[in-house]
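My entries follow, in the order I took them.

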Amino acid sequence: MGTRSPYRYQQKVQDLYLERDANIILQAPTGAGKTQAALEPGILGFHETDNYDGDYPTRLVYGVPMRVLASSFVEEHRAIAKWLPGNTEWDDTWEPTIQTGERPEDKMFEGRVIFATVDQMLASFLNLPYGLPKRLGNINAGALIGSYLIFDEFHLYPRQQMMLTVLAMLRMLRGISRFTLMTATFSAPLLDSLAQLLKAEVIAERENEPLFNDVTNIQTQKRYWYAHQEETLNVESVQRCIGDSRRTLIVCNTVNRAQALYLKLKEALPDHEVILLHSRFYKHDRQAIEKKVLARFGKTVDAATLERPVVLVATQVIEVGLDMSSDVLITECAPAASLIQRAGRCARRAHEEGHVHVFLPRDEDSGEVSFVPYVSPNQQGVDDGLKEVCERTWSALREHFDGVQMDFSKEQAFINLAHSEHDEAFVRGLEAKVEGRIDGITQCMAKPELGYLGDFIRTNTTVSLYIAQEQDPNKDDLLTEKPWRYEPFNMSKGQIGRLLEQPQGTLYFAIEEQVEKEVEERPYVQAVYRWQKIRDKNEVYNPKAQMFAASPDMVSYTAETGLLLEAGIHPAATSPLVQVQSWERPDYHAEYYHEHIRGLYRAYTKPLGRVDNAPCRIPLRREMRYPLKRLCRLFGLSPEDGEEVMRLMIALHDVGKLNRPWQEWAQHWQVYRHEQGFDIRKPLGNNPLAHTDFNSDDEIERELQKQFKHPSRGTHAVESAQAMSPLIRELYDDNEYLWEAVSLAAVMRHHTPTAESCKEFDMVDEGYEAIARALQEVGFHEDSQRFAESIKPRFDKSGVALSDAIKELLPNKTNYFKYLLYLVMVRILRLADQRSAIALRAIEGVETR
């Protein structure tokens, strides 16, 4: 284990997090180690909680405002283990995960250390998680409640959407979750207002209080800025700026301009290695480029050892999270905060000298100055006021900083000149704006609708484009039923419209329709997509058109240039498939009711190792403990009672499957399956089943279930809540009614977030014994029989207890903590349910050794 003293400001972050239970706003220069400053206290908190029963969050979610080279964050996070004190060893559960639109590798936020876009975090909190079917809409929000939340590069968040929503969420979670909010480029008005709003501790350099004197690279690096007033960013100006640079970074504001400049530089600079990086690459190509970039510009690379000089042409994707250093940066003008982020990728190391050349961005067709994408093509600000910010940025650069060696204090002066007016307008009446957003968030939670995503996260300026395998995408079953199984490109509707100018190929948009389907034991409504050919450009701007499909001959693609929105000699390859997620293709093994409960309880109480290639997980009980303790404190309730309620929920969540029609269906399916030559894992008998054998990955077996003729088994989740309601009412009096409301709502909605009613229930004769065994599995040994006898054995429909529970939890702007508790507990129940099969196999592995 290595030893290293943190920088003074990093130690201050640690102390505030670990000793004072404080939330933090951090302003530090680019390259000063902000990422480590924020991450390290969270990891130290894990270590204290895992080994010494410390009172710290057990999950860390690191949010950034755009897709980034997430592998850079992963490397930095893993390196932190070397600096942990004493004999701290790397824990497998600390293995970081990534959840972005491009790398959706942790869609249910199950990792302990998650690097995600802020878009993904906020959509999850709103109960509208990206990339998950609607029936899983209530599973992610609980992952943010009681976690340590880090928001990086806060200045880049769209003001009226994402920024307000983050502030509102942090206000809602104050005292429940922990957070660090940071950037290099807060203006003074914004910094002071946020600290007051969030009651957060500020770590920032003040005029007479130097904070970064011990950060060697900040004190020894030299970076000179230049404004090119009369010149255009083209091959000739690039050649003049490069000089004898071994590593040059060029940043364009749009993908189209980056691609065009790259192609010209490839021809003009035959002695240089020219690389292109932007957002329109397929994942496997993008990852290869990321690896190449880090090998040329990374922390351990000596420029003198490169075989030949290298030029990287990129877009805004390099602004955040990329620990790279160039000798020369050539960039189009953008808001000052973004320019400083880009400049942080030049002369980033100690004792390096770099040169930053800034050009006015010009439209590729008209040649006029164009600040797209910060301002939309019709000159209406994407985020009100950004056009003026860009103009003030250019004026400040020309008048005050042209030819100047910039240090952190000058960067702050630059920020204040360019952004203060914009920031002052934003913080005026900020308290009321945040309260209004909290009202909107609770309305969305109560009734989630997709329109909130554009209002509360970012205006939906991008849509999905798929490259279809068939000329008619309606002939592709995945595009009509599960288009998300393909990897899309994301772009604006304006760029989609340009495709219609191509002389060949066809373009379609998807119209969503709802149809009733059934998966395993539950019926549900599924979206299907009908693809309609586009004949007129106006159809592109249909508000319902959010997914498009183009034939391969309409666009071109190579691993070096990415997607070009024009036909060429390299027609685009069909959109590749993405990895199938477990909730899309369930593989069920037959389980008796008490066995299923045993699996859930194992996932709840024991860590899961690497079984069947599943990642390591801490016990769900430990994940729940921190938010449960914080929420119970608000209501004067006992966390121990909360854990008891969760054990009851685990034991009783599937009581509805003990309904006579459900068990008859299950028994007949097992017989039918066996008659068709398939193995069954459990002998048929009197033990009620919780799952049957069914492998939906097997096409033959999927067809077999379609051919199976038997009356529907019906639903079970709401039936479970209704059957258990007398017991819950018996155990928890009026002073503890919240436990009744939370438990009933979580059970009735552990498959579908909107479930609220059920049909007739008639429990099988063996039901009481199965319930008693299930209660014993979760630790109710002495009371198992008595509790089982309190279960309601038959009823015609759901009762008032369930509707009362939903009303009790319904969130509003002044009363939402009960709903937050529900979100935590329904998440734990659903994850235990999902992990139960893996947990059972872990038990079987132990028992057979």
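**Aromatic cluster**

I started with one aromatic cluster, formed by Trp 665, Trp 669, Tyr 672, Phe 694 and Phe 708. Rings of Phe, Tyr and Trp (its six-membered ring) are paired if their centres lie within 6.5 Å; planes under 30 degrees apart count as stacked, over 60 as edge-to-face and the rest as tilted. I note that this is a predicted model, in which local features need pLDDT of at least 70 and side-chain atom pairs count only at pLDDT 80 or more, while totals for chains, interfaces and linings use all residues. Residues are numbered from 1 along each chain as its sequence is written, and side-chain values use heavy atoms, with hydrogens and water left out.

The structure holds 25 aromatic pairs. I looked up Trp 669 and Phe 708, an edge-to-face pair with 5.4 Å centre to centre and 70 degrees between the planes. This pair links distant parts of the chain, 39 residues apart: Trp 669 is in helix H22 (residues 660-675), and Phe 708 is in the loop between helix H23 (699-707) and helix H24 (717-731). Helices are DSSP runs (H or I, at least four residues), numbered from the N terminus.

Are the two partners buried or exposed? Trp 669 is buried at a relative accessible area of 0%, and Phe 708 counts as buried at 11%. The cut-offs are under 20% relative accessible area for buried, over 50% for exposed and partly exposed in between (1.4 Å probe, protein chains only).

**Arginines over rings**

Arg 713 lies over the face of Trp 665, at 3.5 Å from the ring centre. I also found Arg 159 over the face of Phe 426, at 5.3 Å from the ring centre. The criterion is NZ of Lys or CZ of Arg within 6 Å of the ring centre and within 35 degrees of the ring normal.

**Arg 830**

Arg 830 lies in helix H29 (residues 817-847). I had to check its accessibility: at 5% relative accessibility, Arg 830 counts as buried. Which residues does Arg 830 touch, not counting those up to four places away in sequence? They are Arg 135, Leu 136, Asn 138, Ile 139, Arg 749, His 750 and His 751, where contact means heavy atoms within 4.5 Å. The side chain of Arg 830 reaches the backbone oxygen of Arg 135 at 2.8 Å.

**Helix H26**

In helix H26 (residues 767-777) I listed the buried residues as Gly 767, Ala 770, Ile 771, Ala 772, Ala 774 and Leu 775. Their cover includes helix H19 (593-605), helix H21 (639-652) and helix H27 (784-789). Gly 779 follows H26 and has a positive phi, near 105 degrees.

Terms used:
Helices (H or I, at least four residues) and strands (E, at least two) are DSSP runs, numbered from the N terminus. A polar contact is a pair of N or O atoms within 3.5 Å; within protein, one must be able to donate a hydrogen and the other to accept it, and residues adjacent in sequence count only if both atoms are side-chain atoms.
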